[in-house]
There are 2 protein chains.
Amino acid sequence: MKTTLTSKQVALLDFIQEQVRAQGYPPTLREIAARFKFRAVGTVQGYVRALIAKGFLAHEPEHARALCVRQYPGSRFHIPILGQVAAGQPVFAPENYSGSLPCGELVAHPAATFALHVRGDSMIEAGILEGDFVLVQKQATARNADIVVARINNEVTVKRFFMDSAKCIRLVPENKSMAAIIVEPPLDVEVLGKVVGVYRKLR
Amino acid sequence: MKTTLTSKQVALLDFIQEQVRAQGYPPTLREIAARFKFRAVGTVQGYVRALIAKGFLAHEPEHARALCVRQYPGSRFHIPILGQVAAGQPVFAPENYSGSLPCGELVAHPAATFALHVRGDSMIEAGILEGDFVLVQKQATARNADIVVARINNEVTVKRFFMDSAKCIRLVPENKSMAAIIVEPPLDVEVLGKVVGVYRKLR
DNA sequence: CAGTATACCATACATATGTATGGCGTGTCA
DNA sequence: TGACACGCCATACATATGTATGGTATACTG
């Protein structure tokens, strides 16, 4: 049996993984079929069978929506490093790219992930130090206690995110000597993404 | 309506979250019932309804296994324990392999590099936390002030390395509340490698 | 006291969902 | 050529699963 994946198989796997991240649970066979405009569930069945046989998927038989991505076929990806973000500049502008971090399979969705070179020590008690890279998955929302990258008044910072009510967002540093940023309406805050990894190079 | 959770409600939420982490997908109502030894599905229905009303859960109506934890009370992180090195075991024995950390090109010499799942907080002030992975380049020697992985008396630890003289090695934790380990002849210490990277997964 | 929230049980029902089966093509490889 | 992996369609079926309904009981609150 082959052990490599075809591009369609990768696409299926990608979709499943993406759904898990976005929704919190995997899609059903019919949802997958709908996404790829398959008219038959059996088509998806075939794919799933193949992916399981090759070890990239797992599932609980006779259970609904019980798919689980096991491996991710990772060619190596270079994700962009966003360096110093100057005030007033659009965050994702090309000028901000200060290089790329080769990160292989660490990242599930390379296209939706970027790295940020950390300045300052506001998250030091969460073990995020000056000079570390944080891997950030782009998303506009966050859950309580997520560590996020957010833009406030043209500045980009890494903080822990809390939304106490619809009207109040707290961005809390992990550093006893620093105070939380409390944002009230008008909410001029933009969550750029969630920190999904921390990487530090030592020498 | 109240907006706080009872301890049972927290327990339910906790279980759901835990299942998502462990399996990759949420439990069904009946799986939840089984876990808590409820004889009726309706019981779980009640809990889920309450949790949704209070904003801690979301779900897609009439869809199987479509629960999604929205907020988490008290911000707890479930960090999976992959493996531990038991005292007395050879460090590189196959039994100790508890999975693989795909790390692409982050590592200069893959063949000579391994990852270790960190237990304890002896290096917390160097930003290495419990649960982090350290990437270790195999080598038998180290320079002063390198962070190393060393074996002492059948235990493996991460420490900062100092050799003051040919007769005295100090292994210094980065934690004010812990004392340095001073090893004198006979030097039953083996430097397994140097820490060249730290990686932490968040979710 | 009535009203509401919590904490369970029991059962019937509709449907969402995985599974099985059989079909038709294409290509590749020995 | 045959065997096999891939890429799809169509349909029937069993069951896993959410939903609805209606109980019982305790505790708190105004």
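This note covers the protein surfaces around DNA strands D and C in a predicted model.

1. Conventions. Local features need pLDDT of at least 70 and side-chain atom pairs count only at pLDDT 80 or more, while totals for chains, interfaces and linings use all residues. Residues are numbered from 1 along each chain as its sequence is written, chains are lettered from A in the order in which they are written, and side-chain values use heavy atoms, with hydrogens and water left out.

2. The side chain of B:Arg30 has an N or O atom 2.8 Å from a base nitrogen. For B:Arg65, a side-chain N or O atom is 2.5 Å from a phosphate oxygen. Two or more residues each come from helix 1 (7-23) and helix 3 (41-53) of chain A and from helix 2 (29-35) of chain B (helices are DSSP runs of H or I, at least four residues).

3. DNA strand C is surrounded by 22 residues, with A:Leu29, A:Arg30, A:Arg65, B:Tyr47 and B:Glu62 the closest. Of its atoms within 4 Å of the protein, 67% belong to sugar or phosphate and the rest to bases.

4. A side-chain N or O atom of A:Gln45 is 3.2 Å from a base nitrogen. A polar backbone atom of B:Arg39 is 2.9 Å from a phosphate oxygen.

Technical notes:
A polar contact is a pair of N or O atoms within 3.5 Å; within protein, one must be able to donate a hydrogen and the other to accept it, and residues adjacent in sequence count only if both atoms are side-chain atoms. A residue is near a molecule or strand if one of its heavy atoms lies within 4 Å of it.
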